[in-house]
Amino acid sequence: MWTGAGRGVHLGGVSEVMIETRNLHRSYKIGKKSIEVLHGIDLSISRGEKVFLCGPSGAGKTTLLYTLAGLEPPEQGSVHIAGTDLYSLGRKEQAEFRNKSIGYIFQNYYLLPELTAVENVAVPGAIAGENRTEAALSALERVGLRDRADHLPAEMSGGEQQRVAIARAIVNEPTVLFADEPTGNLDSNTSGEIMKILLELADEHGVTLIVVTHDRSLAEVGDRTLIIKDGKVS
Ligand SMILES: Nc1ncnc2c1ncn2[C@@H]1O[C@H](COP(=O)(O)OP(=O)(O)OP(=O)(O)O)[C@@H](O)[C@H]1O
């Protein structure tokens, strides 16, 4: 049973805040030039919300997702997840928090080519010293790939590899799931299947979902679409 989440909890009519950012700033130096990618971003996302993040290429969608997920510290500002101030934690505590509460689906899957599907899904647990083989098999079942558990990524299609990446992101039963263009390289049928899996996770388990996409038509299936442009989110 998925315990960390809990469907859209409302406290006296007020949604419980799951992700809150204050004044996030992030810039990159290229040569002598500095590009400000996040320019004072304030966000509040409720538990169980399905949020799509759109914006032009290079606008900072991946940077914002990394910053929200605790993978890249902002130069200024704070990120709270379920009330925990992510960047005030030490490295070890932060890794433990991510391992327990956050799932992340990377833009290019990032599966390890020499490991089978089940080993790839179990790998974050193994790093944390846990044996997650049973949970990994359940997660593969959840994405319809139980029978491919012993296959290497090279033996699977793009859509199947993406489903393994989803299984890896949900094996810890996260409270928040981030997905960076999870359907970017897939045909429209496969994209539909992948989005269905992600939306079901939000609907059935109350997972808070933040998905980067170029597909504005997805706005209809989400609760909210955020647009990032010129360092700001609207
Ligand atoms: N490690 C880095 N070093 C220097 N510049 C970077 C780095 N990472 C990102 N950038 C720059 O920051 C800006 C935002 O990049 P980011 O990947 O967040 O955009 P994006 O909206 O996700 O783009 P896309 O839709 O093309 O994936 C870009 O101009 C990019 O070149």
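Me: Which residues in H3 meet H4?
Reply: Ala 117, Val 118, Val 121 and Ala 122 in H3 meet Thr 133, Ala 136, Leu 137, Ala 139 and Leu 140 in H4. Contact here requires C-beta atoms, placed from the backbone, within 7 Å. Helices are DSSP runs of H or I with at least four residues, strands are runs of E with at least two, and both are numbered from the N terminus. This is a predicted model: local features need pLDDT of at least 70, side-chain atom pairs count only at pLDDT 80 or more, and totals for chains, interfaces and linings use all residues. Residues are numbered from 1 along each chain as its sequence is written.

Me: At what angle do H3 and H4 cross?
Reply: Roughly 120°, with the axes of H3 and H4 (residues 133-142) coming within 8 Å. Axes are lines fitted to C-alpha atoms, for helices over the stretch in contact, and angles run from 0 to 180 degrees between N-to-C directions. H3 and H4 are therefore oblique to each other. Under 35 degrees counts as roughly parallel, over 145 as roughly antiparallel, 65 to 115 as roughly perpendicular and the rest as oblique.

Me: And how do H3 and H5 cross?
Reply: H3 (residues 117-127) and H5 (residues 158-170) cross at roughly 30°, their axes coming within 8 Å. H3 and H5 are therefore roughly parallel to each other.

Me: Which residues meet there?
Reply: From H3, Ala 117, Asn 120, Val 121 and Pro 124; from H5, Val 164, Ala 167 and Arg 168. The contact of H3 with H5 has five nonpolar residues, one polar and one charged.

Me: New topic. Which element gives the most to the shell around the ligand?
Reply: H1, with three residues. Strand S3 (17-30), strand S4 (33-46) and helix H1 (61-68) each supply at least two. The residues surrounding the ligand include Tyr 28, Val 37, Gly 58, Lys 61 and Thr 62, counted if the C-beta atom, placed from the backbone, lies within 6 Å.

Conventions
Two residues are in contact if their C-beta atoms, placed from the backbone, lie within 7 Å. Ala, Val, Leu, Ile, Met, Phe, Trp, Tyr, Cys and Pro count as nonpolar, Asp, Glu, Lys and Arg as charged, and the others, Gly among them, as polar.
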